[in-house]
Amino acid sequence: MKELAINRGKKIMIRVRPLRELIAMAIASSYVKNEKAVSVLIVAKPESGKTTVLSSFANNNGIAYLTDVTYSGIVNLLGDIDKGKIRTILIPDMLKVIGRKETSVENLITLLNGLIEEGIKSIATYHHHLIFDNFVRCNIIAAITSTEWFMKKATLAATGFLSRVVPFSYNYSYEDVEAIFREIIEGRANNIIFEKIKIGRVGKAGRDVILPADMGERLKKNVVEKAIDRLNRNLGLELYGFRLQKNIQTLAKASALLRGDDTVREEDVKKLEYI
């Protein structure tokens, strides 16, 4: 069996490596058997490379890269998602989702919530009437600027979207900023580094990965509890963290899968602790 792995053949910028690794794990999570694929919301300042990094994964199998998002557009993808042709949706600008009028935002977020968590079994609207044999699910990896985040985070929290995703934010250090300016001046900042995630014989149902109990406890203590504390304090929420625990464990399993392993090891847990 071929291993499932992120392509390491090309140079990856150190400053965005954690983001690239998280996206790779989220995409790979759709191939972990008996687990719901993990959705991620990336929050960063403008010019932080969010769109560039997301677009570098757009050519992988099972990816739908959407520069615009509508209710009907997502509904039109459900057939391919049900068939396994689409496993992950990349949305480089979440404002396309939450920047519309209130009723449109509520309907679209409700649809996305169902898609990434409970699954879509049927849709009956004036324009759409669909019934599926199984619950249709896929994960979403979306990006939003810090400014838009602060303006819209209450809406995302109130709709239940935030409790269904893993939030990830990052900033460039002074050294990073200076390095990027040097790359621009020297003409070295124009190329997108495409990331190819190689999928072996995993099958539509995915592949089993074992998570030892002690690794799960460590993830709870060092990752989940800290993240939930920040979310509850910053957003005024009262989340227990059950969904986040499941998501972080699935990411750890996806990390093992990326290494071609069927068991979560120390290095997988360390990667999430670092990110």
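This is a predicted model: local features need pLDDT of at least 70, side-chain atom pairs count only at pLDDT 80 or more; totals for chains, interfaces and linings use all residues.

Tutor: Serine 29 itself sits in the loop that runs between helix H1 (17-28) and strand E2 (39-44). Its relative accessibility is 0%, and the cut-off for a buried residue is under 20%, so serine 29 counts as buried.

A packed pair of helices is described by two quantities, the angle between the axes and the distance between them. Here the axes of H1 and helix H9 (residues 242-258) come within 8 Å and cross at roughly 95 degrees. H1 is therefore roughly perpendicular to H9, because angles of 65 to 115 degrees fall in that class.

The loop between H1 and E2 also holds asparagine 34. With a relative accessibility of 68%, asparagine 34 counts as exposed, whereas serine 29 counts as buried. The backbone of asparagine 34 deserves attention: its phi is near 65 degrees, a positive value in a residue other than glycine. Most residues other than glycine have a negative phi.

Beyond E2, the loop between E2 and helix H2 (50-55) contains glutamate 47. Glutamate 47 likewise has a positive phi, about 70 degrees, although it is not a glycine. Its relative accessible area is 80%, so glutamate 47 is exposed.

Elsewhere on the surface, Val177, Phe181, Ile184 and Ile185 form a nonpolar patch with about 410 Å² of accessible area together. Phenylalanine 181 belongs to helix H7 (residues 174-185), and its relative accessibility of 48% makes it partly exposed.

As for the chain as a whole, its secondary structure comes to ten helices and nine strands. Of its 275 residues, 51% are buried, and serine 29 counts as buried too. Among contacts with a separation of 6 or more, 77% join residues 24 or more positions apart. The accessible surface of the chain comes to about 14400 Å², and carbon and sulfur atoms account for 50% of that area.

Key:
Residues are numbered from 1 along each chain as its sequence is written. Side-chain values use heavy atoms; hydrogens and water are left out. Patches are made of residues with over 30% relative accessible area and no salt bridge: like charges are joined within 9 Å, nonpolar side chains (Val, Leu, Ile, Met, Phe, Trp, Tyr) within 5 Å. Accessible areas come from the Shrake-Rupley method with a 1.4 Å probe; for residues, only the protein chains shown count as cover. A salt bridge is a side-chain nitrogen of Lys or Arg within 4 Å of a carboxyl oxygen of Asp or Glu. Helices (H or I, at least four residues) and strands (E, at least two) are DSSP runs, numbered from the N terminus. Buried means under 20% relative accessible area, exposed over 50%, partly exposed in between (1.4 Å probe, protein chains only). Axes are lines fitted to C-alpha atoms, for helices over the stretch in contact, and angles run from 0 to 180 degrees between N-to-C directions. Angles under 35 degrees count as roughly parallel, over 145 as roughly antiparallel, 65 to 115 as roughly perpendicular and the rest as oblique. Contact means heavy atoms within 4.5 Å.
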